[in-house]
Amino acid sequence: MPVRALILIVLCAVCATAPGADLVPATTDATNGAAKDILAAHCFSCHGSQRTKGGVNFETLVTRTLNGANLKIWRKASSLVKQEEMPSEETEHPLNAADRAKLIAWLDQLRYDGPPDPGRVTLRRLNRREYGNTIKDLLGVEIPVADMLPRDDIGDGFDTSADVLALPPALFDKYADAARLAVESAIEVGQVATIVIPDQVTVTVMVAGAPLKAPIAEGVLTLDQGGECQVSLYAPTAGRYRIKADLGGIQGGKEPVRVQVLIDGQAEKDQNVTAPKPRTSSLGSIELSQGMHRLSLIFINPETVETPKGTIKRSLLLGDITMEGPPARRPGTAHQALIGDGPGRDGDPRATARVVLANFLPRAWRRPVSAEEIDRLLAIFDQALALGETWAGALRHPLQAALLSPNFLYRVEHDKPADGITTLSNFEIASRLSYFLWSSMPDAALFTAATAGELTKPAGRAAQVRRMLKDSRSRALVDGFASQWLTLGNLETFQPDPAQYRGFDDRLRESMLMEPLEYFATMLAEDRDLTELIVSDWTILDPRLAAHYGLSLTGSIRQKVTLTGKDRGGVLTMAAILTVTSNPDHTSPSRRGKFVLEQILNDPPPPPPPTAGGLPKPDAGHPTTARERLEQHRNRAECVSCHKRLDPLGFAFEGFDVIGRTRDRDEGRPVDTSGVLPGGQKIRGPEDLKKILVTTHKTDFLRCFTGKMMTYAIGRGVDYRDEDRIDAIVADLEKNGQRMTALLLAVVESPQFLQRSARNP
Amino acid sequence: MTGPSLNRRDCLRGLGCALFLPWMESFPFADPPKRKEKPPVRMAFLSIPNGVNMDHWRPPNASTLSPTLQGLKSILKDVIILQNLRHDKARGNGDGPGDHARETGTFLTGVQLRKTAGNDIRAGVSIDQIAAQRAGHLTAIPSLELGLEGSGQAGNCDSGYSCLYSSNISWRTPTTANLKETDPRAVYKKLFLDVAQSGDNQIRAGEVALRKSMLDLVRDDASRLSKQLGGSDRQKLDEYLESVRELEKRIQRFGLGFATADKDAPKVSYPERNDHLAYTRIMLDLIALGWQADVTRITTFMFGNGGSGINYRHLGINGGHHELSHHANDAKKIADIRTIDRYLVDQFVYFVEKLASIKESDGRSLLDYSMVLYGSGTGDGDRHNHDDLPMLLAGSGGGSIKPGRTLAANGNMCDLFLAMTARFGVQLDSFGDSTKMMDLPR
């Protein structure tokens, strides 16, 4: 069995490890023997031949092979021993820290030795991102999926987890609505869309930067202190829309109420409102591109006016907002591409419709289809035509049915020998590739390659991967993989304590989010060394973020910047990551340490015991840094073993505040970025830590990153069956300077990606 | 047609004002729906995350309200304070930490969740869904699942449990959680616009037939695939077929299955999403409306996901709910937790009072025909225990319960569920880890 150099400094420290134990004992026969003795002494009394609590008998299990079923029991045992749940409190044979560490080390080096198993991914629903992208590529229209479909649940850190992506009725209804909107946006039948805004979208009223509360009554919104009413408009297709609003004004004196109208931040017009009660008035006829737009109505001249009748607050009254358009016109490009000119006066409507469906269906279902499958959809067209629909209108119905079919909503893969390992077909691989790299359907080139049988050959796949990475759709790896790997979703809702961090606003939030995403995009585009995710001398900044970092930036646009200082560079010291690992009012070295363990080293610590509590609030009389409070707090026996492992990693980042600005003082006292790792090594600041992560722990990092990439790519959590493959990928990567593209190619070439096992383990 | 006897058009007309609910006093229905038979019983399960601070929750004695429960004063005769209830399957039982995933995943299922971050999810069918399977066909919407927080956004939600467990209490099957709706607009649409039929928007019989053909086709697709695919894939297709069937049923009932913008539909205004109080109340109002119109009778509602970190800033609190629940005896944090606990109870009281203000056809109140369970799958948030759960039950279940007391229930949650479903009209011999119905005062 290979000696697993898992673990040098940080990782060896299972919580109970005594400081100074740098290395896991090598699994020689002697240590194997020692571990088995520990097992016998501490575990057999409950889980042996005398008693087999929970049906677990280690006495026999040690003699068995490490097939999937047996290994699963060992892995669970390891997790429970690490969490000190086992041996249970009732035992007469408690385990000391040194023995616990030995036992864990032995358990963790047990590896699967059963037959190769590529695993099995359950029939996987298109998630929200994939659905939106697929609709766009298939129909040529964008629909506001974020407004129509809920966020997907997360499994194993990603929204691609097949077993988690369910389709309960409430969600099916939403997919049905989405399919209908998509088809209606794509295929025009000449009518004019009327959209009543308050029914459909969010109205946000901002007064002096804060959302306004409450004064909506009888459908009328009253603004009496200025403010901006923002409405999201959705234009189903590009065109000219007439926008109307019910506006009224309580004038007070001679000056009329004045409203400025903006579309997407661009001023369109100023309007005087003279009607005392809301009356429909046109805000203009405006050309909109297909998609979401923002309409803002700003009440410019609020004032308290003294009149003979008394004091009047000049107010704007706002009722419904409606949007109409676009006027009937020549069909758009999506329409043209999908259904063409139609049968014309002399053509055969049914035959022409059949051609449309025969072209559409293989793209929608991502595989060749049979004549019978086309004819079934054609029957729906016939039915609609018989009801008096126009030719184009009738075609909407079979298209909609195709989008509701499981053949579209799910990624279907067949088991060929019903029992055993199946190599995926060319078309199945085309979809695996396109959803992995693009979060969307295969394009024409991939379909062509699949038809030619190229995707069952390594060279054919490699050529496609390289081509696909150059395509702008590979941005999906950034928004899908990178964003979730770095837990950036949490930045959306993060609210730092407003009293301490007054400078934080949504613009800064956007700039923060931009940095790791654009950084990752650049890594991809330039095929860079993966260790640059940890250590690098460049980043992507915009003026707002540069100012936040105290750096100067020439020009006003986002750009790649060479870093001269040592404190930034790599994702760990980006403001976004420093922020999502903080509490609203103080930094949390423990959470920052946990991030390193979970997302960089794949060695999540157990959760704190419930009564551990958070940090005490700072005492105004005796200022203390977050670190000092943490050091007092963690001295409790049940806390100290894990915090010893977490905190030194987090202390390295104490030179950054809650929102990621550099600081040298916390609560007025100097910060201390030094720490002692469980192995005894002293480090100071992020530079030391990052260096260790890309040298001593480079393999651990690459193993973690590869595992996460594989999880994202295949749609299931990786487990014992995948460890050998991941190790092999990492070994290859390290030989060639661990490039991003090499990793993606290696994931694609893995049996996990190209095969499926007929049975669940 | 076995649907409700209420005229839906009238119902919709009234809704124009109804959706300004946070600012209006009463419901718009002038006359209660006319029924010959006795009004049906409705049932809601409201879950709060992170348990409570039990020191401030537990009544000091049978006749005194604790600080957290002060809000119950106005509904005292309508509520039972249930004491000493437990959820044995929400404990680790060898699975280690993850109490906040279990506080929700086990809450209505009564089973030990399979500990997994994603692969091979397994919980159990929840009690609301068991009831919906038996009695859901009596209403347009078999059951309604609502909440205030969307799905977890990042990483594992709790110690190796998938976010699916902590984001959901309602499970249709052991592997499929119901999607919970968090947007009041969508709830409204689901309850009322789907069933609108009038004027221009009258859906022609032909169009209904078309929709049926479409669903027939996709159902056929799923059956064909099911024959070709293996075990877990087939489970996914069963789930798909179930969903198609639900939509078909709605089409049969209303002649319309797809949401439709109805030009005649009432204008709707909604409170700000970040106005937590107004947002909570409009969601609760919508449940009451759905019950009043008898569009649905079974509802689950999550004030937050398991281990929720909602920041109740409008209560003058700075810090996430979960973080504060582990107070480490910090006086300020304990005070904050008590404030949150009480605030949430007050919302329950708001809902109960709303039900009490609505008249049924026999002149009694909607509350008289309801059972509203409120509580958490965790006892004390600081301890992560799953015994001594904070639990309240309001309503008299159509005269089958006599509320207005503190009850030493001393049992398992599933015992209580058996007692509730029996009063709802669904008799079960066993559920979760219980075969014994709890005695409720009558």
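## A buried phenylalanine

Phe436(A) counts as buried because its relative accessibility is 1%; here buried means under 20% relative accessible area, exposed over 50% and partly exposed in between, with a 1.4 Å probe and protein chains only. Phe753(A) is buried as well, with a relative accessible area of 0%. Both residues belong to one aromatic cluster, made up of Phe158(A), Phe436(A), Phe481(A), Trp485(A), Phe520(A), Phe701(A), Phe705(A), Tyr712(A) and Phe753(A).

Before going on, some ground rules: this is a predicted model, in which local features need pLDDT of at least 70 and side-chain atom pairs count only at pLDDT 80 or more, while totals for chains, interfaces and linings use all residues. Residues are numbered from 1 along each chain as its sequence is written, chains are lettered from A and ligands numbered from 1 in the order in which they are written, and side-chain values use heavy atoms, with hydrogens and water left out.

## Chain A in outline

Chain A contains 29 helices and 24 strands; these are DSSP runs numbered from the N terminus, with helices (H or I) of at least four residues and strands (E) of at least two. Of its 761 residues, 55% count as buried. Taking the contacts in chain A with a separation of 6 or more, 72% come from residues 24 or more positions apart, where contact means heavy atoms within 4.5 Å.

Lys309(A) is exposed, because its relative accessible area is 81%. Its C-alpha atom is separated by 73 Å from that of Met710(A), 401 residues apart along the chain.

## Aromatic pairs

Over all chains, the structure holds 28 aromatic pairs. The rule takes rings of Phe, Tyr and Trp (its six-membered ring) with centres within 6.5 Å; planes under 30 degrees apart count as stacked, over 60 as edge-to-face and the rest as tilted. Trp74(A) and Trp106(A) make an edge-to-face pair, because their ring centres lie 5.5 Å apart and their planes are at 90 degrees. This pair links distant parts of the chain, with Trp74(A) in helix H3 and Trp106(A) in helix H4 (residues 97-108) of chain A, 32 residues apart. Trp74(A) and Trp106(A) are both buried.

Back to the phenylalanines: the rings of Phe436(A) and Phe753(A) have centres 5.8 Å apart and planes at 55 degrees, so this pair is tilted. Phe436(A) is in helix H14 (residues 426-437) of chain A and Phe753(A) in helix H29 (residues 751-754) of chain A, so the pair ties together parts 317 residues apart in sequence.

## Salt bridges within chain A

There are 70 salt bridges over all chains, each being a side-chain nitrogen of Lys or Arg within 4 Å of a carboxyl oxygen of Asp or Glu. In one of them, Glu723(A) meets Arg111(A), with the closest N and O atoms 2.9 Å apart. Because Glu723(A) lies in helix H27 (residues 723-735) of chain A and Arg111(A) in the loop between H4 and strand S1 (124-125) of chain A, the pair ties together parts that are 612 residues apart in sequence. Glu723(A) and Arg111(A) are both buried. A network of salt bridges links Arg75(A), Arg111(A), Asp700(A), Arg703(A), Glu723(A), Asp724(A) and Asp727(A).

Arg314(A), buried with a relative accessible area of 3%, has a salt bridge to Glu255(A) (3.7 Å, N to O). Arg314(A) also forms a salt bridge with Glu303(A), the closest N and O atoms being 3.3 Å apart. Glu255(A) counts as partly exposed at 32% relative accessibility, and so does Glu303(A) at 41%.

## Where chain A meets chain B

Between them, chain A and chain B bury about 7500 Å², with 53% of it on carbon and sulfur atoms; this is the accessible area (1.4 Å probe) that two parts lose on being put together, summed over both. The contact takes in 97 residues from chain A and 88 residues from chain B. Seven salt bridges cross this interface. One pairs Glu181(B) with Lys174(A), the closest N and O atoms being 2.5 Å apart.

Several elements of chain A each supply at least two residues of the side that touches chain B, among them helix H3 (68-82), helix H7 (169-186) and strand S3 (203-207). H7(A) gives the largest share of that side, nine residues.
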